[in-house]
Amino acid sequence: MTILIIGLFILAALISIPIAHSLVLASVIGLWVAGRVPVDLAIQQMISQTQSFPLIAIPFFMMTGALMVSGRLGQSLVNLLTMMIGRVHGGPAQVGVLSSTIFGGVSGSAVADASAIGSMLIPWLKKLGYPPAFAAGTLAAAATIDILIPPSIPMIVYALVSGASIGALFVAGILPGLLMCAGFMLVCYVQGRRRNFPRDTTPFVWREFFIQLTQAGPALAMPVLIIVFLRFGIATPTEVSVMSTLYALLVSSLVYHDLTLQKLKHAAIEAGISTGVVLLIIMASSVIGWIVTYERIPEAFTAFATETLKSPWLIILAMNLIMLATGMFIDLPAAVLLLTPMFVPLAAAVGMDNIQLGIMMIVNLSIGLYHPPIGTTLFITSTIAKVRIGDVVMELIPFYIVAIGLLLGFAYLPWLTIY
Amino acid sequence: METLIRLVNGAIGFACRTALYITLSVTFMILSVNVGLRYLAGSSLAWASELPELLFPWMIMSGVVLAAQHGSHIAVVILTQKMGNARRWVLAVGTLLIAAMYSWLAWIALPLMEISADERTPIMGVPGSITVSCLMLGFLCLALVSLSQIPSILSAPNHSDDSDSDHFLGADA
């Protein structure tokens, strides 16, 4: 039945049926053709996903991101970072990487990051004289740091399936996120120096610096507040998401004075649509996840991998290769839902903690976001920069090397993710 | 025909936006008040997690339908973009399949409503059929939205296959 479902899914996706609908179609037709389980099961599985209290965090984290970045915060953040690092080699591109990392603290979505920061910075980088393909590549890769810095939607989804603590995952993602940021900034520095990219020449004025720092302060404080609230058990992840929205509303009305009914309605619709996109994938994947478990595929897979590969480091390598390949063809939340039940028992068999597995999985799958053919952030930034995907992919090669190098570190050095 | 499609789409869009505003704001209020109460009065609302869980499916399905109207569900168009004139027909068949599938799912959900009517939530006593009906309505709206898109797919001009930055409609990770 699983093979039939995979075949149907690929066929449906190839004729441009949206991924979420393809997953529903494949699982429903698979159940109907196989006839071993009633089709009602698909609906029951989908309903069970809609009644999950932790998932209620998703729309509120989405709304927080929409409220924070659509206002004056985004521009203040970019101005502040330009004053700080715009003068070094590749500085303006590094501003993009750092902006995405900080924006990661107010939003949990790489796609929201790519469109918000990308539409603000790519035209600016082009105007400065940066090659459009490099600008698009930098922002496509940097946007994925967003899902490592708390709050992170994929981490919530992983926690739901694996049983890991959302708070522990959020904390574990900080160091990998910062290392990824440092790695990507290094790529910008080296490329900027080698290719003599333009640098910011505006004189540094301390007064202006403090004004911008005050304006960007609320964004810098948000990830800290989220971690403090979760780490000290002050509120549940869902309550923290609601409080972050409240914080965004207060900051928008009291600090930036740009909260309007129109902006609020726009943020609500944006959050609703993003939630609908992610949740339909989660609902559809849960049906396939149930079928995979029903057919005892995770057990068979674990037995096969441990018997044939034997060595833990080879098993971890194989897990990484499978995750990387999956991330290139399946959307991130769907991949998390499909791979987690397979890999949690396998990781346990080789003594890997499920927090480390979660971070490793999210880094692996995030590479697929800026790699063809399903590179969502890649397509967004390429569209903004109006450049061909092929040219952007060439510029992304050093970013892939850095990401894979760091990924190996997260896979084989547990102290990078568990502390 | 065009007016009817516009009317149906407009009504579905209006209903989904309204449901989204209501569910988001009520959930926001309940959870905010609950956190406040826990720290200020040392108590909390017994139904503070049950009501948001009941509202969440309505929020999701409104978002799913609005995403379908806005073309925000991710699709791979690498192959269909190379198809020339056949592209429209392939996309129309795909959309028709989606409409048929969601109509079928709505039909299957109907008997489930009767079964789940007896299952009540522990605190508020709300029947489970409310959530099933939400999914059923969502599936019906998805079927209608998909059907309404077929005429525009068939009459749309062909995309040139050299603009490879237009491969996806939108997405979220």
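Is Ala159(A) buried or exposed? This and other points on the predicted model are taken up below.

1. **Ala159(A).** Ala159(A) is buried, because its relative accessible area is 6% and the cut-off for buried is under 20%. The residue sits in helix H9 of chain A, which spans residues 153-162. Setting aside neighbours within four places in sequence, Ala159(A) contacts Ala164(A), Ile166(A) and Leu169(A). Ile355(A) is 196 residues away from Ala159(A) in sequence. In space, their C-alpha atoms are 8.8 Å apart.

2. Pro150(A) and Pro151(A) are joined by a cis peptide bond, with omega about 0°. Pro151(A) belongs to the loop between helix H8 (132-143) and H9 of chain A. Look here when checking the backbone of that loop.

3. **Positive phi at Ser16(A).** Ser16(A) is not a glycine, yet its phi is positive, about 70°. The loop that holds Ser16(A) runs between helix H1 (2-14) and helix H2 (19-34) of chain A. What is the relative accessible area of Ser16(A)? The value is 8%, so Ser16(A) counts as buried.

4. **Positive phi at Arg296(A).** Arg296(A), also a residue other than glycine, has a positive phi near 55°. Arg296(A) lies in the loop between H13 and helix H14 (297-309) of chain A. Its relative accessibility is 54%, so Arg296(A) counts as exposed. The side chain of Arg296(A) forms a salt bridge with that of Glu299(A), at 4.0 Å from N to O. Glu299(A) counts as partly exposed, because its relative accessibility is 41%.

5. **Salt bridges overall.** How many salt bridges does the structure hold over all chains? There are six. Glu395(A) and Arg195(A) make one of them, with the closest N and O atoms 2.8 Å apart. This pair ties together distant parts of the chain, 200 residues apart. Glu395(A) is in helix H19 (residues 389-412) of chain A. Arg195(A) is in the loop between helix H10 (166-194) and helix H11 (206-231) of chain A. Glu395(A) is buried at 12% relative accessibility, whereas Arg195(A) is partly exposed at 30%.

6. **Asp258(A) and Lys263(A).** These two side chains also meet in a salt bridge, at 3.2 Å from N to O. Are the two residues buried or exposed? Both Asp258(A) and Lys263(A) are buried.

7. **Extent of the A-B interface.** Contacts between the chains involve 71 residues of chain A and 60 residues of chain B. The area buried between chain A and chain B is about 5700 Å². Carbon and sulfur atoms give 77% of that area.

8. Which side chains form the salt bridge between the chains? The rule finds one salt bridge across the interface of chain A and chain B. Arg38(B) and Glu239(A) form it, at 2.4 Å from N to O.

9. **Confidence in the complex and in chain B.** The predictor assigns the complex an ipTM of 0.88 and a pTM of 0.83. Chain B has an average pLDDT of 84, and 91% of the residues score at least 70. Among the elements of chain B, helix H2 (residues 50-70) has the highest mean pLDDT, 93. Helix H3 (residues 86-116) of chain B has the lowest, 90.

10. **A stretch to treat with care.** Where in chain B is the pLDDT below 50? Residues 160-173 are such a stretch. Beyond near neighbours in sequence, the stretch still has 58 contacts in the model. Where pLDDT is low, the predicted coordinates should not be read in detail.

Notes. Residues are numbered from 1 along each chain as its sequence is written. Chains are lettered from A and ligands numbered from 1 in the order in which they are written. This is a predicted model: local features need pLDDT of at least 70, side-chain atom pairs count only at pLDDT 80 or more; totals for chains, interfaces and linings use all residues. Side-chain values use heavy atoms; hydrogens and water are left out. Contact means heavy atoms within 4.5 Å. Buried area is the accessible area (1.4 Å probe) that two parts lose on being put together, summed over both. pLDDT is the predictor's confidence in each residue, from 0 to 100. Helices (H or I, at least four residues) and strands (E, at least two) are DSSP runs, numbered from the N terminus. Buried means under 20% relative accessible area, exposed over 50%, partly exposed in between (1.4 Å probe, protein chains only).
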